[in-house]
Amino acid sequence: MAKKYFTATRQARYSLLFALPLLLLYEGLAVTLSDTAASGVRNGADVLLKTLFIMLGGKWGLMIFGLVLFGGAIALVVRDFKLHPGKLSAMFIGMMLVESVVYAALFGSLVANLTQLLLQGPLSMTQAGTFESFSFGTQLVVSLGAGLYEELLFRVLLVSGLLALGKWAGLGSAPNIAVAVVASALIFSGFHYVGPFGDPLTLPSFTFRAIAGLLLSGLYVARGFGIVAWTHALYDVSLASF
């Protein structure tokens, strides 16, 4: 039972369909708060991806982005059903949610403890303070977007791209995964210091986010997009709630 669950829930049908409510919730709240799909209250990774498509496709950029996003997801799910015929298990979906909640509950303390261990001292991060000054609705949207679009950008695109590059370069499986996970974690951490709402760069905060990136990238490799997206989103939402 456990082996079947962990194998099945890494497949596209579970991973992508499990992430769909997160996408709908984020986009719905974002449009409600900003009245636009391209600006206003948005997560930075979301803005980066959509801006790239707008630069390439002009006024059709957002439509092309949506077609690529949903078309690619549908194609992967259809391909998965062809390769692995069978029905979705509602119990497995529920177990994925429980699994994500457990990971999110443990995530912050684990990252903080590892950061303290690495830096050999108490953790004291200097934050920009801009996020906390936002309304709860804005914090909620940004948190949901972090789980969705940061995982899409830094795990699905970046980690998968680095794995493909490493395979092409002839790296063995274990070294390839290690390089992809570490490189993506460092880039993920650095992303938080870019732009008008970026935090001031300090060693403790960079280390904290780099370790967070390591765990999230490792979780993506082990459990797939859906669970890592919900884990990240739930953790960030918990920060916005307190």
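A charge is taken to sit over a ring if NZ of Lys or CZ of Arg is within 6 Å of the ring centre and within 35 degrees of the ring normal. With that in mind, and remembering that this is a predicted model, select R155 together with F188: R155 lies over the face of F188, at 4.6 Å from the ring centre. Then move to R13 and F81, where the charged end of R13 sits over the ring of F81, 4.4 Å from its centre.

Next, show the aromatic rings, among which the structure holds eleven pairs. Select F18 and W230, a tilted pair with 5.7 Å from centre to centre and 40 degrees between the planes. The pair links distant parts of the chain, since F18 belongs to helix α2 (residues 12–34) and W230 to helix α10 (residues 225–241), 212 residues apart; both F18 and W230 are buried. A further selection, Y5, F6, Y14 and F92, shows a cluster linked by ring pairs.

Finally, zoom out to the whole protein, whose secondary structure comes to ten helices and zero strands. Of its 242 residues, 41% count as buried, while the protein exposes about 12700 Å², with carbon and sulfur atoms supplying 74% of that area.

Note on methods
Residues are numbered from 1 along each chain as its sequence is written. This is a predicted model: local features need pLDDT of at least 70, side-chain atom pairs count only at pLDDT 80 or more; totals for chains, interfaces and linings use all residues. Side-chain values use heavy atoms; hydrogens and water are left out. Rings of Phe, Tyr and Trp (its six-membered ring) pair if their centres lie within 6.5 Å; planes under 30 degrees apart count as stacked, over 60 as edge-to-face and the rest as tilted. Helices (H or I, at least four residues) and strands (E, at least two) are DSSP runs, numbered from the N terminus. Buried means under 20% relative accessible area, exposed over 50%, partly exposed in between (1.4 Å probe, protein chains only). Accessible areas come from the Shrake-Rupley method with a 1.4 Å probe; for residues, only the protein chains shown count as cover.
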